[in-house]
Structure formats: C-alpha cells, structure tokens
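Please look over the sequence and the model below before reading the briefing that follows.

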Amino acid sequence: MNTKLTHAASITAIAIFTAGLVSARAESEGILANTVTFRPKITISETYSERPASESNGRTTSPGEIKVREKVAVCIVANVEGIDTRNLDPETSVILRVGSLWITKLLKDDPSYAIGRTQAIFPFKTRVTRSNGSSYDKSLGRLACVWNEDRLAITLTCTDLDAATLSSISSRGHAGTAAPGTAVAVGPEPVNVSVHFGHLRGKRIAYVNGSTRTQTRHLRTRDSGSSRFDLSSVTLIGAADTTSPRITIRANATTDSLRRVSFSGVAREINGISIRSIFVNSIEAQPSALTFGAPDARGVRTWSVDNLALQPGINDVALTFSDADGNETAIFPQIEAGNP
C-alpha cells in the first residue's frame, strides 16, 4: 500500500498556526503578550500563631484565636517596546491585580514623581501605637514601577496584607489540609495577573505551586497538658508557564493492510504534555494506541500515534498537544493513503 507523509506541508502549517497564535495573544493580552518577557514570580505565604488565653488567676484555658499574617511578593516584567513612556502625566493610573489582590494608584501618589521620571514608588505603612502612647509609621512593603522605552517592571512586596488593607490572594483556603507534622503539595493553581499602566494594559494567567505545613503545639494548663496540631504555614511559590510545547514530527509513516497509519515524533516540554485531540479530515478520531516516552534531562520525550484510520487519498490530520498549564500547539500533517 502507498502511504506518504507530507512533511513540508506539516512544517508550513505549523508556521501558520504559530503566527496566528502570536497575533491573537498580542491583541488579547496587550503589554503582557510577549511570552519571553512575561515571567511573573509570585510568592504567597501565611504564618499562623496560636497563644493560649489566660484567666486573671493565671490559669491557662483554651487556645485563643489564630493570628494570620499573609505576605506576598510579585515581580512582573511587561513589554512596552515602541511606545513612548518617558513623559507620563502624574494622573497616569497604575493598576495591578493578582488573583483577588487589587491595587490602584496614580503616579502622583508618589510624592517624588515628576514628568520625565521613569519610576514611581508607592509605600505601604501602618500606624503603630507604643505602650507609652506615642506612635510611629511601620513599613509593610511597597509597590515599585520602573520603566524605559522597552519594558515596564512592577514589583510588589508586602509583609502583612491585612495591615496594609489589601485583600487576600488565594492561600487561606488551604488551612488544615496537612496531617500532623507533614507537608503536602498545593497546586498548580491558576492566578489571573492583570496590569494597567495608563492606556497600556494586559492580562495573563500564572500557575502557582507550593506546599502547606503543620506543626504540633503543646498547650499546658495548671492542672494538665495537651497537644494538638495546627496549620503552621502555607507557602505558594510560582512562575507563569506560557510557552507552548515544541513538537517535531518525524518524516516517516507506516500503514497496515487496513489503511491504518502509525507515526511518531518528539516533544520538548517538561511540564506534563498530552495530546488533547486528533482530527482526520475534520472528524475527531481515536488511534488504537497513543504513547509518550519518559522525558530526558532536557525535557525531550518521544510520542507516537499508532493505527490511526485513514481514507483513500490525501488525509488532513490535526493533532493538538497541551501541557499541564493549558498551553497548546497544533500540527497539521497531510498523509496520503493509497488503496489496499
């Protein structure tokens, strides 16, 4: 039987698909569309402390409320190449959204900002009262924006979201998920990241992984003692994986007497790859076998599609690959199958 895999057509189709994908991302994701510069680093952590409540007679009773401090650190680099951002009006808005965390500022909120300046710093503070009645401003972090004609970098650090009157991001829902004295994985969780810088804007999804940890607490009273475990900390640390899998198809195919074709290739993707769909002549198809080899140290793994049913003549095949973060790549080989 005569079977031919048109490899050149496959490469052309991949190029067309990639160009269309980049164009769509640029339209929908604005200044965050560049997959090379969009690498937000997101760290979310919470610390819990529990103190036994004491009565006036000095006896210790049941544990008091759990005190929570949520810390966050975010660093985002956006692509503003070709757009003049040097002489920005003080009324220019800066908006950062990370999950449910939402910060809105104007450049003039930084007292040091002036037209021609290429950075703005917005501190977070809280008023603390001392035991003697005096008070002072305690620093809780800052939102820093630095830009030039090519890039905008936004860095957020905050040691206590509640004290800074900022909303929680996502980590509190993991309380109590770990067994005593253990740590368990959390994630991956999608976190929406949105940036507005004047009329420039963009929105992407970051994928956050982390762990939750517990510790055993020993509580003692005058009459007895007890032990219990409670959530000690939750830490979510992540970075966006917005890179689509790189797929290569081998220019050979074999067909059996029932006009079923088998072909293979390699995929370059460390973060979990699968084939999401297979279509033959616009009809979804199921091969009898679909396999992936184990990735090597570079994240390269083999894949194969076996016994895919074809029709006589030219068959348009579409395979869509997806990684664990939902990034997709499609390839479109044309396979010619003759009569048996």
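**Briefing on the predicted model**

Glu70 is buried, with a relative accessible area of 1%, where buried means under 20% relative accessible area, exposed over 50% and partly exposed in between, with a 1.4 Å probe and protein chains only. This is a predicted model, in which local features need pLDDT of at least 70 and side-chain atom pairs count only at pLDDT 80 or more, while totals for chains, interfaces and linings use all residues. Residues are numbered from 1 along each chain as its sequence is written, and side-chain values use heavy atoms, with hydrogens and water left out.

- Glu70 is found in strand S3, which covers residues 60-79.

- Strand S4 (residues 93-98) pairs with strand S5 (residues 101-106) in the antiparallel sense over six bridges, pairing being defined by at least two DSSP bridges between two strands.
- Trp102 in S5 is the bridge partner of Arg97.
- Two residues lie between the strands of this hairpin, and Gly99 takes a positive phi near 60°.

**Whole protein**
- The protein has one helix and 21 strands, taken as DSSP runs numbered from the N terminus (helices H or I, at least four residues; strands E, at least two).
- Of the 340 residues of the protein, 38% count as buried.
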